[in-house]
Amino acid sequence: MDALAARAKDEPAPAFAQEALDAFTAAVNDDLNIPKAFAALFELVRETNASGTCSKDVLEVFQKMDTVLGVIFFGKAAKAEVPAEVQALLDARAAARAAKNWAESDRLRDAIAAAGWTVKDSKDGQTVTKKT
């Protein structure tokens with residue numbers, strides 16, 4: 001989205017952008033009617049693509065819709081870099097799990113959590129995310 005924002009022009013938004021925002025707002029105000037809200041978003045996408053418009057005002061409409069839906073990812077932070085000390089704990093935990101040393105695995109999970117990270121296990125192995 002940052003690349004698109006850099007290309008956006010200072011031109012007035014076409015009428016369809018305001019119409020889509022009005023439809024979106026009405027849907028949200030109608031007991032949070034998400035199907036209609038998404039329909040308004042997709043109509044805005046369709047009309048924007050068909051017109052070739054790249055206006056800052058149209059991007060602003062997308063951003064307003066995204067504050068409710070959170071699906072476009074405007075300005076979202078990149079995935080957090082795992083510090084070396086946390087990665088060492090993750091590696092030790094993976095080794096403990098491979099050795100079926102569940103007590104050590106649990107202890108390491110707690111140490112990782114104390115460092116501000118959450119570990120999730122799946123069939124594909126462990127993943128770690130920064131706590132917010």
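Helices (H or I, at least four residues) and strands (E, at least two) are DSSP runs, numbered from the N terminus. The model is a predicted one, in which local features need pLDDT of at least 70 and side-chain atom pairs count only at pLDDT 80 or more, whereas totals for chains, interfaces and linings use all residues. Residues are numbered from 1 along each chain as its sequence is written, and side-chain values use heavy atoms, with hydrogens and water left out.

The buried residues of α4 include Val58, Leu59, Val61, Phe62, Met65, Asp66 and Leu69. They lie on the same side of α4, because the arc that they cover around the axis is only 155 degrees, the arc being that of the directions from the helix axis to the C-beta atoms. Here buried denotes under 20% relative accessible area, exposed over 50%, and partly exposed the range in between (1.4 Å probe, protein chains only). The residue that follows α4 is Gly70, whose phi is positive, near 65 degrees.

The structure holds seven salt bridges, each defined as a side-chain nitrogen of Lys or Arg within 4 Å of a carboxyl oxygen of Asp or Glu. Side chains of opposite charge can pair when their charged atoms come close. One of the salt bridges joins Glu43 to Arg46, with 2.7 Å between the closest N and O atoms; both residues belong to helix α3 (residues 34-51), where they are three residues apart, about one turn of the helix. Glu43 counts as partly exposed because its relative accessibility is 34%, and Arg46 is likewise partly exposed, with a relative accessible area of 48%. Glu43 is also 9.6 Å from Glu19, C-alpha to C-alpha, although 24 residues separate the two in sequence. Glu19 is placed in helix α2 (residues 15-29) and is exposed, given its relative accessible area of 52%.

In helix α6 (residues 102-114), Glu104 and Arg107 are three residues apart and therefore separated by about one helical turn, and their side chains meet in a salt bridge (2.7 Å, N to O). Both count as partly exposed, Glu104 at 28% relative accessibility and Arg107 at 46%.

A further salt bridge, between the side chains of Arg93 and Asp121, has an N to O distance of 2.8 Å. This pair links distant parts of the chain, with Arg93 in helix α5 (residues 84-98) and Asp121 in strand β1 (residues 117-122), 28 residues apart. Arg93 counts as buried, since its relative accessibility is 1%, whereas Asp121 is partly exposed, with a relative accessible area of 33%.

The structure also holds one aromatic pair, formed by Phe38 and Phe42, which is stacked, with 5.8 Å centre to centre and 20 degrees between the planes. Rings of Phe, Tyr and Trp (its six-membered ring) pair if their centres lie within 6.5 Å, and planes under 30 degrees apart count as stacked, over 60 as edge-to-face and the rest as tilted. Phe38 and Phe42 both lie in helix α3, four residues apart, about one turn of the helix. Phe38 is partly exposed, with a relative accessible area of 26%, whereas Phe42 is exposed, with a value of 52%.
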